[in-house]
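Reader: I would like to go through the labels attached to this model and see which values stand behind them. Please set each value against its cut-off.

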Amino acid sequence: MLSVYRAMILTLLLTCSSVGRVQALTYWDTDWESCATVAACGWNESGFVSLPNFLPSTELPFTGAQSLRLEWLNGVNQSWNDRSVPSQDHLFLRAVMREQPGFVLPSNFHSKMIRFTGVGGNPHIWLYRSGCGYRFDVEAPYRNAEDPLGINNNLVICSGRQMSTTKWDQVEVEVQLNTPGAANGILRLWVDEVLYITRTNVEFRGPTPTSVCGLANNPPYSCPSTMQLGSFRIFIQGGSGVRYYDRVAVGNTRIGPVGSVPSVDTTPPSPPTTFTVQ
């Protein structure tokens, strides 16, 4: 009986020694294979789904036989599709992208691509393709260094890295929401494992559940301390031409480019050295 108790204690100690480790999860990794629609690949067809400009295609795959072919038509707001993950403060996106030669940006020079959607309030965090390359647009953050009073709508951060037309770009994004009341939110962008954007002082959400932002609007936006990330949107708006996406993945740790070994600590916890089972 004593040995049974000792074994139980050892099991408890091993469990406790792993407390604090965050389990690394990739919630989904869409490769657009074997599906004729985005819904069949697990996405929620929520906007203008009758248009044929938002479909898996064999035209130019990255891996396998299909990728997602997206056609921007005349610069208008045409299509979007969403996919959810458990709501949380810290998420990573990985997507492989390229653009057909001749893509024409709209007159305002920004073209929407993917959005981290705020759950329970603003801001929404956009990845655009613009005249300054890949670009973050944070839609109505609570405060930022350029707009300390929260008057304006967007925080814009350019990368200077244009989207490729002759090869696939492996694009990674990290968003870490701020601690309510602190300006410590994080935005990062990698393309082909090169870090192009890092910003570590963003105040995405406010200090209280009733915080507001974008004060130039009537009424202002809601940026509560309880806002989290929990949904992603692939969006077609702004520009004319064709883009392709493949291997669109979201996780709670950096996923890494397709074909790389994820930098995840999978080492099991060491057994305690100060306990002996006899």
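**Labels and the values behind them**

Author: E172 has a relative accessible area of 2%, and buried means under 20%, so E172 counts as buried. The model is a predicted one.

Reader: What makes the contact between E172 and R254 a salt bridge?

Author: The N to O distance between the two side chains is 2.9 Å. The cut-off is 4 Å between a side-chain nitrogen of Lys or Arg and a carboxyl oxygen of Asp or Glu, so the pair qualifies. E172 is in strand β11 and R254 is in the segment after β17 (241-251), so the pair links distant parts of the chain, 82 residues apart.

Reader: Why is R254 called partly exposed?

Author: The relative accessible area of R254 is 24%.

Reader: How many salt bridges are counted in total?

Author: The count comes to 16. Among them is the one between D192 and R161, with the closest N and O atoms 3.1 Å apart. Since the limit is 4 Å, this pair is a salt bridge too.

Reader: What makes the D192 and R161 pair a tie between separate parts of the sequence?

Author: D192 lies in the loop between β12 (185-191) and β13 (194-202), while R161 lies in the loop between β10 and β11 (169-176), so the pair ties together parts that are 31 residues apart in sequence. D192 is partly exposed at 29% relative accessibility. R161, at 14%, is buried, because buried means under 20%.

Reader: Are R135 and D137 buried or exposed?

Author: R135 has 10% relative accessibility and counts as buried. D137 has 3% and also counts as buried. Both values fall under the 20% limit. The two residues form a salt bridge, with their closest N and O atoms 2.5 Å apart.

Reader: How do you know that R94 is buried?

Author: The relative accessibility of R94 is 3%, and the label needs a value under 20%, so R94 counts as buried. R94 is found in strand β6 (residues 90-99). Leaving out residues up to four places away in sequence, R94 touches D29, Q170, V171, E172, R247, V248, A249, I255, G256, P257 and V258.

Reader: What does the side chain of R94 reach at 2.9 Å?

Author: The side chain of R94 reaches the backbone oxygen of G256 at that distance. A polar contact needs N or O atoms within 3.5 Å, and 2.9 Å meets that limit.

Reader: Why is N122 called buried when it is in a loop?

Author: The loop in question runs between β7 (110-119) and β8 (124-130). A polar atom of the N122 side chain lies 3.1 Å from the backbone oxygen of E139. Beyond four places in sequence, N122 touches residues including E139, F204, C213, Y221 and M227.

Reader: What makes L149 exposed?

Author: The relative accessible area of L149 is 57%. Exposed means over 50%, so L149 is exposed. L149 is placed in the loop between β9 (133-139) and β10 (154-158). Together with I151, V212 and L215, L149 makes a nonpolar surface patch of about 320 Å².

Reader: Which residues have the most contacts inside the largest nonpolar core?

Author: They are M97 and Y245, in a core of 46 residues. Another core, of five residues, lies apart from it, with W168, V242, Y244 and V258 among its members. In soluble globular proteins, nonpolar side chains tend to be buried together. Y245 is in contact with residues including W32, L70, M97, M113 and I234.

Reader: What share of the whole chain counts as buried?

Author: Of the 278 residues, 47% count as buried. The secondary structure comes to one helix and 17 strands. The accessible surface is about 12,800 Å², of which 56% belongs to carbon and sulfur atoms. Of the contacts with a separation of 6 or more, 69% are between residues 24 or more positions apart.

Notes. Residues are numbered from 1 along each chain as its sequence is written. This is a predicted model: local features need pLDDT of at least 70, side-chain atom pairs count only at pLDDT 80 or more; totals for chains, interfaces and linings use all residues. Side-chain values use heavy atoms; hydrogens and water are left out. Patches are made of residues with over 30% relative accessible area and no salt bridge: like charges are joined within 9 Å, nonpolar side chains (Val, Leu, Ile, Met, Phe, Trp, Tyr) within 5 Å. Accessible areas come from the Shrake-Rupley method with a 1.4 Å probe; for residues, only the protein chains shown count as cover. Helices (H or I, at least four residues) and strands (E, at least two) are DSSP runs, numbered from the N terminus. Buried means under 20% relative accessible area, exposed over 50%, partly exposed in between (1.4 Å probe, protein chains only). Contact means heavy atoms within 4.5 Å. A polar contact is a pair of N or O atoms within 3.5 Å; within protein, one must be able to donate a hydrogen and the other to accept it, and residues adjacent in sequence count only if both atoms are side-chain atoms. A nonpolar core is a set of buried Ala, Val, Leu, Ile, Met, Phe, Trp, Tyr and Cys residues joined through side-chain atoms within 4.5 Å.
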